[in-house]
Every structure is written in C-alpha cells, then in structure tokens.
Amino acid sequence: MISYSLVDFRPIIPELVLLFFTFFILFIDFAIPKAKKKINGFIALIGVAVTLVVVLSLYGSSWTGFNNMIIFDKASGFVNIILLLTAFVAILMSLDFIKREGINFGEYYVILLFSLIAMQVFCSTYNLIVMFLAVETLSISMYILTAIKRDGLRSIEAAMKYFILGSFASSFLVLGIALIYGLFGTVDLLRVKELLTGADSLHTWIALVSFVLILIGFGFKIAAFPFHAWTPDVYEGAITPMSAFMSIAPKAASFMALMRLLVVGMFPIQVEWVKLLWIIAVFTMFFGNLVALWQKDLKRLLGYSSIAHAGYMLVGITAANSLGYGAVLFYLFGYIFMNLGAFSVAEYISKKNVEGCLIDDLRGMGYKYPLAGAAMLVFMFSLSGVPPTVGFIGKYYLFSAAVKSHLYWLVILGVINSAISAYFYLNVIVTMYMKGGAKEEVVSFPSPYLRAAIVIGAVGTIIFGVAPGSVLNVALSSIVF
Amino acid sequence: MTSMEAIIFAIVSLIAVVGALGLVFAKNPYHSALWMVFSFVGLAGLLALLEAYFLTVLQLIVYAGAIVVMIAFVMMTIDFRKVGGLSKFVPQWLWGLIISFGILIDLFILASKMKIDVSQSGKNLAIAGSNTKALGMELFTHYLFPFELVAIILLVALIGVVVLTKREIK
Amino acid sequence: MENYVPFLMVAFILFAIGAIGVLVRRNFFVVLMSLEIMINSAGLVFVILSYFSGTVSGQVFFIFVAAVAASETAVGLAIAVLMYRVRHTVDVTEFSMMKR
C-alpha cells in the first residue's frame, strides 16, 4: 500500500507557488474591469518573480516525491531559473502589446503560467508518463497561445500547422513510450537504465527503435532537423511575445528532458545515440543557417536561426560529457537574453495588426532610435557568436566539450556554420545603419515595459559575456549525472 | 489463442481496420465520422478481448460517443458546402502514402522481432475479479501525480477553447 | 493467449492508416479524426503490452492517453472554428500565406 505525506510535496514547491498565482488570476479576472486588465499581467509578473525567489532559495536541495514521479535537483533548479526568467521578460513584452492588439484577456496569462508549470514538471522527472503528460500540457497551451490572435490570418495558419504536426509527433511519442513499457515493464528511466545494462542485442535494438520514436516527439519540441517544419511559420505567425517565449522556454525544458532520457535512461546504448545525434546536429545546423540566408522577414529569420541554435546545443549533448551538458544549460541561459532581446526589438518596430516584420523595415532605425539600434547590434553579434558577448562564451564551451570527446569534424562543421550565420546577422546590422532611410518612416511602439525588456536583454548579453564566471560555474556544477 | 478467440479477434480487428480505412478514404466528412464510430467499436472489441473491461466501456462512451458527437456537432455548425465539397487529397498525397508505408513496414519488423516475457500473460489484471478495482487502485495510489497533471491538461484545454471561440460583446 | 504479434500488427496497421489520413487529406476535420485514430491505436499498444506482461499500469496509461486525446481534439475543433471564421474554409492547403 502506497501512502503519501507532506514530504512528497517538497519537490513541487515551485510549481505549487506558481499554481497559486495562476488560480488567483483566473478568479480575480472576473472582478477586473475591461480597461484595467493590465493588473492581471502585473500579478503574473509578481507570481513569476516570487517563484524565482523560491527556486533560488531552494537551489541545491535534492528531493524526490510521489513515488519517484517527480524530483528536484540542481539541474532542474537551474532550468527552472531559465524558464522563469524567460517568462518574466515575455510578460514584460506582453503587457502593452496584447492591449494594442485587442487580445487583453486574463486567460492569456493563465495559459502562459499553466504552460510554465508544465515545463517545470517536464524538466524535473525521470518518469516517461509524467514527461508525456507535461509535454502535452505544454503543447496544448502553445497551440492556444499561437492562435490567441483570433482574427489574424497568419496566426490561425500557424496554429493549424503547429497543431497537426504537434499531434502527429506526440502520437509517435506515445508509441515509443508504449514500446519501452512493454520491453521493460516500467516507464521509470532509472529502472530502464538498470534493465538495459544487462540486456541482449535484440532488446538493445528494439530499445533504440523505441528511443527514436520518443526522439521524434522531443525533436519536434526542440525543432531538430527532420521535425523543424513548424518553427518558422509559428514564429512568424504568432504574436511577438509568444514567439519569443516559445523560442526559449519549451526548448530549455525539452533539452533538459532529452538529457535525462539520453544520459540516464539510454546510458547503456550511448555509442549508438551519439552517432544518431551527430547526424541530426549537423543537419540541423546546416539547414537552419543555409535557409536563413534567404529570409526577408525578421521573425522568420529568427525562427531559422533558432533551428540552427538548437543544432549548436545538440553538439553539446553529442559530446556526451558533463562539460557538454553544462554548456548546453549555460547556452540556454545566455540564449534568453540575446533571443528575447532580438524579438523585443522586432516588437519595438512592429505595427498594429501586422504579424510579420520585414528586415527592410529596419532601414534607418540605427539613427532614429540609437539605443534600440545599439541593442540590436549587441543581440546580432551575440547570436553570431562574436566576443565579448554571451553567445561567444556559450559556443566556446559547447565546442570545447566536443573537442574533449574528440569529435573534431563536428566542431569544424559547427564553426563553418557560425561563419555562415554571421552573414545574415550582419545583414540585419547593415540594413539598420547603411541602407539609407525606409520607404515608410519607422515608428516605435512606445511601451516602457518593452524598453525594460530590451535593456534587460542587452545588459544580460554583455554582462554574462564579459563576466560569465559565477553563472557558468553554477551551470557546469548543476549537472549531477 | 483458442479458435473462438481467434474468430472474435479476426472479426473485431477487421471492423477496426475497415472503419479506419473508411474514415481516411470517405469523400464526405460526415461519413468519416460514422466510419470513426465503426472503427472505435472494433477497437473496443479488441480491448474487451484483452480483458480491459473498464477501458472497453470508456472507449465506447468517451470515444465512440462523446468525441464523435463533439466533432460532428462542430461540423454541423459549418456550412455543408464548405466542409463536404472539398476535393479529397492534398497535391503531395503520394509522399504521404510512401511515408506511411515506410512507418508501417518499420513497425511490422519491430512487431515480429519484439520479445516480451509472457509468463504473466493475462494475470494481475483484476483484484477480486474486478478489473475496475485493480485499475482504480493503480490510478489513485501509484499514479496519483500524473492523475493530477491530467486535471491541469483538461483545465487548460477548457479555458483555451473558451478563449479562442468566444466572441467579444460589442 | 500467448501470441501478442497479431494484436501488435493490428495496432500498427491502425497507426499507419491514421498517418495516411493526416498526411494526404485536405479536410481539417478528417485530419483531426485521423489523429484521433493514431493516438488511440498507440494507446491500444499500451493495453496489449499490459495484458501480455501481466501488469495493470498499461491500462492506466490508456486512460491518460484518452484524456490527452480528448483535450487535443477540443483545441483542434476550436482551431477549425477559427479557420472557418477567418477564411470560410477548412481546407488545410488553402492556408499557405507564409511561404516555406
């Protein structure tokens, strides 16, 4: 007979705190008059900040609960920090934006926070069924948030494509989990690891196939090569704060879950999955960077660039050493600032009811809005990996982890990709400063919160690029497996 | 398998597969919905054959009942000519077929190679003769946490659907 | 019953038929129903393996999968309603404003 006690609730304290604020918004939303819906956003902001403080104070503890269904360790603590920071900046970006676009519901924040809770669960479990339920909660929230601009042609198109491909991928995920369950009689990755260690070659082979099926589900979330097709459309079609949120938070949680799956559950067949991941990483990098060369829309460009960055992070996992895993976490941390910043600038010059944002619209922006222009310069340099920005440090550690595992070709291909990517990132900067004035005058979106988001991004990109020390140490030491 | 079981198995799996084929290749989406009921009834038969009696009823009520009604109801709110008059296939239908057959062949090889321990086959599925009781015990003790997560999924879907489809009152 | 291969074969055939439906049909509603078939047959694999390995947890997972499938369908139908509202069609190929 299994019994639960209060001790079981320790690993889900951050989730419970956030859940409290989510329900608070859900109930108080009825009482708030239409003109003052911004209060919901502030409550969400406070909720995320409080949860961040809670996670920081709990960081370092190691707990399990609910029959090993959920754990809290250093790695999940660090990913929690990434998720909460991302949500904080994304809510800052949303506050005025959703009012301008006429979608100012309290439910927007409710669903955002629910998806955040799902991600927190996703990154802190070894149980495949809990992973599946978390990833589904997260996907369903993302479909809704993509379609939340209900009269936008592009956003509906994006939501439709996202929905079809997402559900398609998740049925493969279910199938993979079912086969793992049939093979080992358990869905707990720690047990799977024990059973797989002494398994014969046939079992290993079937486990690898089931793992590939699960990888389809996860690869879809991180936008790895054969499952990337939704990314550019969704990033272009969704409202900008959501594209920004989607480009980091679900990826961070999925990378953590992928590492738990590979490094713990699939540890006995490491040789095989390293080969597989090598191929996926190379194709993901090349595809993202090469197709990005021809893009005219800034959000779409960032979509392809995020595919390429997923490729760089896969290099860190392919390295299969703890330096690589830590480097992935640090890269995700740095990616918050540079990518959210770039999306914030895209939002800063966006026009009402226009979902896309052409790169040509940036013409002359560098002179008209020197500060935003300078910030964009920093973000683009960081995304292409120029020192002294956080992008450079992150890439340096990812590639040095691969060198440590003697994957020299992978590193060479990665560096070639960095060089290719410099072209289109620099193109944005050239457009900003050297292509003369725009056909239409650039108009900025006057929102103090959005400006705060840009400033946070720029400052973070530079500070963690110049002095990465403490965060880097925390990221590298948080990997315990 | 005894011969009786084999016959029942053949009948229900034929119903499930024919229903699914009918769903995919029917011209009219309303007919597709009916084929889906057919397929789900066959699936429920398979579940009964596997002694999952609670799930059989669940399958009939939730899938063949509620979900089909939900889909059919939404289709009814939309102009028939727009829904029914579509040409059937996408231009790249051949690729879809090739990919699906690839998946099918892979999975077949997998099924023929799959080796599981069948010494416990058909046991432990019921407590005191009740499958529901065994299921409930497992669901509410061992899998309590995932059960709570399912509550969040349903809540998110509920809120989301309301947000997406409600019209503003001007 | 000792032979699980026929059961698995049926489940996999259903899965592949569902995949065909998702990949070849134009009508969003039919795509939605095919997704339903796919996820349901994946759930069936859980029940098959639960029977033959003699553990009841596979049946519990089927309940989870069913709940997820139901919520997914609800959201899919909401998207279908929105598609109809903005373009007056549910043809998935009509929605191609953004180029590849």
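The questions below concern a predicted model.

Q: Which elements make up chain C, and in what order do they run?
A: Chain C has three helices and zero strands. From the N terminus on, the pattern is α-α-α.

Q: What share of the residues of chain C count as buried?
A: A residue is buried if 20 or more other C-beta atoms lie within 10 Å of its own. Of the 100 residues of chain C, 76% count as buried.

Q: What makes chain B more spread out than a compact globule?
A: For 170 residues the globule rule gives 15 Å, while the radius of gyration of chain B is 20 Å. That is well over the rule, so the description applies to chain B. The box filled by its C-alpha atoms is roughly 60 × 40 × 25 Å along the principal axes. Chain B holds seven helices and zero strands, and 32% of its 170 residues count as buried.

Q: Where are the domains of chain B, and how many Å separate their centres?
A: The domain assignment gives domain 1 as 1-88 and domain 2 as 126-170. Taken over C-alpha atoms, the centres of domain 1 and domain 2 of chain B are 22 Å apart.

Q: How many residues does each chain give to the contact of chain C with chain B?
A: Residues are in contact if their C-beta atoms lie within 7 Å. The contact takes 67 residues from chain C and 73 residues from chain B. On the side of chain C, α1 (5-24), α2 and α3 (57-87) each supply at least two residues. The largest share, 20 residues, comes from α3(C). By class, that side of chain C has 46 nonpolar, 16 polar and five charged residues.

Q: Which element gives the largest share of the side of chain A that touches chain C?
A: In this contact, 29 residues of chain A meet 30 residues of chain C. The elements of chain A that give two or more residues are α5 (128-146), α6 (153-184) and α9 (230-237). The largest share comes from α6(A), with 16 residues. The side of chain A that touches chain C divides into 17 nonpolar, five polar and seven charged residues.

Q: Why is α6(A) called roughly parallel to α2(C)?
A: The two helices pack at an angle of about 5°, and their axes are 9 Å apart. Angles under 35 degrees count as roughly parallel. The angle therefore makes α6(A) roughly parallel to α2(C). Among the residues that meet are A:Phe168 and A:Leu175 in α6(A), and C:Leu35 and C:Phe46 in α2(C). The contact of α6(A) with α2(C) has 14 nonpolar, five polar and no charged residues.

Q: Why does B:Asn124 count as partly exposed?
A: B:Asn124 has 14 C-beta neighbours inside 10 Å.

Q: What makes the phi values of A:His406 and B:Asn124 worth noting?
A: Most residues other than glycine have a negative phi. Phi of A:His406 is near 65°, a positive value in a residue other than glycine. Phi of B:Asn124 is near 60°, also a positive value in a residue other than glycine.

Q: Which peptide bond is cis, and what is its omega?
A: The peptide bond from A:Pro387 to A:Pro388 is cis, with omega near 5°. A:Pro388 is in the loop between α15 (370-384) and α16 (390-404) of chain A.

Terms used
Residues numbered from 1 in each chain as written. Chains lettered and ligands numbered in written order. Predicted model: local features only at pLDDT ≥ 70, side-chain atom pairs only at ≥ 80, totals over all residues. Domains from an automatic or database assignment. Contact = placed C-beta atoms within 7 Å. Helix = DSSP H or I, 4+ residues; strand = E, 2+ residues; numbered from the N terminus. Nonpolar A, V, L, I, M, F, W, Y, C, P; charged D, E, K, R; others polar. Axes fitted to C-alpha atoms, helices over the stretch in contact; angles between N-to-C directions. Parallel < 35°, antiparallel > 145°, perpendicular 65-115°, else oblique. Buried ≥ 20, exposed ≤ 12 C-beta atoms within 10 Å, placed from the backbone. Rg over C-alpha atoms; globule rule 2.2 N^0.38 Å.
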